[in-house]
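Hello,

Here is the structure we talked about. Please open it alongside this message; my notes follow below.

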Amino acid sequence: MSAATSFAGLAATTRPAAAARRAPAVSTRATTAPGAEPASSGASHPQRRTPPSRADDVANNVEFPRRVALVLAAAGLVAPAAPAHAIGFAKELKKKAVSDEDYLSSAPFAFRAKPHDPVRYYDVQRGTGDKLEAGKTAVIHYTCRYRNLTAVSSREARTLGGNRTIAEPLEFKFGKLPSDYSRALVRKMVVGIGAEVRVDPELRELYVVNTVFDGPADRAGIKANDAIVSIDGVGDLANVAIADIGALLIGDAGTELVVEVKKGGERAAGVVEKITLVRESTAVVPKKRVVEVEGGGGLFTGATGPKPPAVVYVPEALEGMRVGGRRNIIVPADVGYADVGESEIPPGATFRLEVELLEVRTPAV
């Protein structure tokens, strides 16, 4: 007996009542069709019923038990069901990889009283709302990403020692640079190693507060919180007047001095590294200050609030944006956080700025 026959027979015997209801009545008398040979003597016996075929069962909608249905499906004897379509689910298309060729260049602009090269940008999404125009108030969210990490963001501004997160958009009058970025940058210059130092009264040691970006100390790997053990052989610096320490560090450009340094993470081990530095003219590291912005307020006016990069206020960088638009801008250090840095963005770093234009307001007349 073939597999098909055995399965069909099993299906037929599984529901005998249903099969009996559907099967036609079987006559016990032999019949002879016109023109056919008479039946043999054995025809007087009742005819055997032919088990219904699989096709008959399917046509008659025979209800198979689950186990039988699974066996039939495994043998390929049940017609495949129509493919199911999930409702409410759509496969997300793979995002397009943005290459350098996809970025456009803004118009050149003036920054700190000097001509500046264009910045490169890419419109991730073009807005369809009101156009950003000079004299109107721009309401934006911005995020600064350095090496794909979120360093500064108006969406994740932390206050009260990092215990609370407040998302507040930045508002400013579009079309004109703040005065801090319109005038030339003036800094005090000092010939030395490019480091600010201070005496820790509790630990009784001279430590580095900060270093000038790309100055002699910075290039030698000296970082904030490192301890200076000696300068040109002069030790016990905790008992030396700070003015005398300054005199040891400052000198003529091109002259050398030798410092012994304990790295910030290795003080307990007492590992001392001897470094030779060459003095040069460096700018004094400026204190971070709040830039006065017309139309700005909220979190961005406080000393501990997020500091937007300068390029946000450059009209040419946001030119052509409409409400709902999202733009990525490659930010050079001089229009970013310069030689000071911000959060995880180190001094002199180039990073990516993501801007979303939320609203454009027309000032009241």
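Two strands count as paired if DSSP finds at least two bridges between them. Strands (E, at least two residues) and helices (H or I, at least four) are DSSP runs, numbered from the N terminus. The model is predicted: local features need pLDDT of at least 70, side-chain atom pairs count only at pLDDT 80 or more, and totals for chains, interfaces and linings use all residues. Residues are numbered from 1 along each chain as its sequence is written, and side-chain values use heavy atoms, without hydrogens and water.

First, the sheet. Five strands form an open sheet in the order S11-S12-S13-S14-S15, with antiparallel pairing. S11 (195-200) and S15 (272-278) are the edges; each has a single partner strand, so one side of each lacks a neighbour in the sheet. S11 pairs with S12 (205-211) over 6 bridges. In that pair, Val 197 stands opposite Val 208 of S12. Helix H7 (242-249) packs on the sheet and touches S11, S12, S13 (227-231) and S14 (256-262). Touching means heavy atoms within 4.5 Å.

Next, the cores. A nonpolar core is a set of buried Ala, Val, Leu, Ile, Met, Phe, Trp, Tyr and Cys residues joined through side-chain atoms within 4.5 Å. Buried means under 20% relative accessible area (1.4 Å probe, protein chains only). The largest core has 38 residues; Ile 140, Phe 172, Ile 329 and Leu 353 touch the most other members. A second, separate core has 16 residues, including Val 197, Ile 228, Val 259 and Ile 275.

Best wishes

Definitions and conventions
Buried < 20%, exposed > 50% of the residue type's maximum accessible area, 1.4 Å probe, protein only. Axes fitted to C-alpha atoms, helices over the stretch in contact; angles between N-to-C directions.
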